[in-house]
Amino acid sequence: AAAPSKETLVSLERGAFEAWKTKNAKFWETYISDRFVGVSPSGKIDKAAVVKHFASNECEVTSYSLADEQVKQLGSDAALLTYKSTQDATCGGQQVPATVWSSSAYVLRGGKWLAASHQETPAK
């Protein structure tokens with residue numbers, strides 16, 4: 001399989017941010033792998049938890065931006081995207097960290113790049 005371009009993975013990641021902002025819950029069902037695992041302050045989350053979370057999206061996203069994007073190929077069907085995001089958003093009435101360092105792993109399944117993992121760390 002051909003390695004994904006940086007533009008391809010950044011476009012997918014921006015699509016996730018836009019789905020978060022516009023409360024597009026259906027997006028998450030086809031964006032993430034069935035074997036997805038994420039890391040949050042409350043522990044590990046799977047695809048079902050992500051879909052449920054975004055179906056009851058209590059977030060208000062005013063703006064977001066991505067910077068310092070880098071892609072590392074992890075094999076013929078896997079890649080890691082790292083970046084810094086800045087967002088103005090609240091979830092459940094609480095301000096989310098304004099700037100975070102993130103990583104998203106993508107896998108190629110059925111000719112489509114899917115999110116397999118996501119992690120965020122607030123920037124200092």
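Trainee: Is Lys23 buried, partly exposed or exposed?
Mentor: Partly exposed, because its relative accessibility is 34%. Keep in mind that this is a predicted model.

Trainee: Where does Lys23 lie?
Mentor: In the loop between α1 and α2. Helix α1 covers 6–22, and α2 covers 27–31.

Trainee: What about the phi of Lys23?
Mentor: Positive, about 60°, although Lys23 is not a glycine.

Trainee: Why flag that?
Mentor: Because most residues other than glycine have a negative phi.

Trainee: How accessible is Glu60?
Mentor: Its relative accessible area is 47%, so Glu60 is partly exposed.

Trainee: How many salt bridges does the count come to?
Mentor: Five. Side chains of opposite charge can pair when their charged atoms come close.

Trainee: Give me another one. Which side chain meets that of Lys47?
Mentor: Asp34 does, in a salt bridge of 2.9 Å, N to O. Lys47 is in helix α3, residues 47–55, and Asp34 is in strand β1, residues 32–40. So this pair ties together parts that are 13 residues apart in sequence.

Trainee: Is Lys47 buried or exposed?
Mentor: Buried, because its relative accessible area is 17%. The cut-off for buried is under 20%.

Trainee: And Asp34, buried or exposed?
Mentor: Exposed, with a relative accessible area of 67%.

Trainee: What does Asp77 pair with?
Mentor: Arg109. Their side chains meet in a salt bridge at 3.5 Å, N to O. Asp77 is in the loop between β3 and β4, while Arg109 is in strand β6, residues 99–109. They are 32 residues apart, and the pair links distant parts of the chain.

Trainee: How accessible are those two? Start with Asp77.
Mentor: Asp77 has 32% relative accessibility, so it counts as partly exposed. Arg109 is partly exposed too, with a relative accessible area of 40%.

Trainee: New topic. How many disulfides does the count come to?
Mentor: One. Cys59 and Cys91 form it, with their sulfur atoms 2.0 Å apart.

Trainee: Which strands hold the two cysteines?
Mentor: Cys59 lies in strand β3, and Cys91 lies in strand β4, residues 78–91. So the pair ties together parts that are 32 residues apart in sequence.

Trainee: Left-handed or right-handed?
Mentor: Right-handed, because the torsion about the S-S bond of Cys59 and Cys91 is about 110°.

Trainee: Last one. Is Cys59 buried or exposed?
Mentor: Buried, because its relative accessibility is 2%. Cys91, on the other end of the bond, is partly exposed, with a relative accessible area of 24%.

Note on methods:
Residues are numbered from 1 along each chain as its sequence is written. This is a predicted model: local features need pLDDT of at least 70, side-chain atom pairs count only at pLDDT 80 or more; totals for chains, interfaces and linings use all residues. Side-chain values use heavy atoms; hydrogens and water are left out. Helices (H or I, at least four residues) and strands (E, at least two) are DSSP runs, numbered from the N terminus. A disulfide is a pair of cysteine sulfur atoms within 2.5 Å. Buried means under 20% relative accessible area, exposed over 50%, partly exposed in between (1.4 Å probe, protein chains only). A salt bridge is a side-chain nitrogen of Lys or Arg within 4 Å of a carboxyl oxygen of Asp or Glu.
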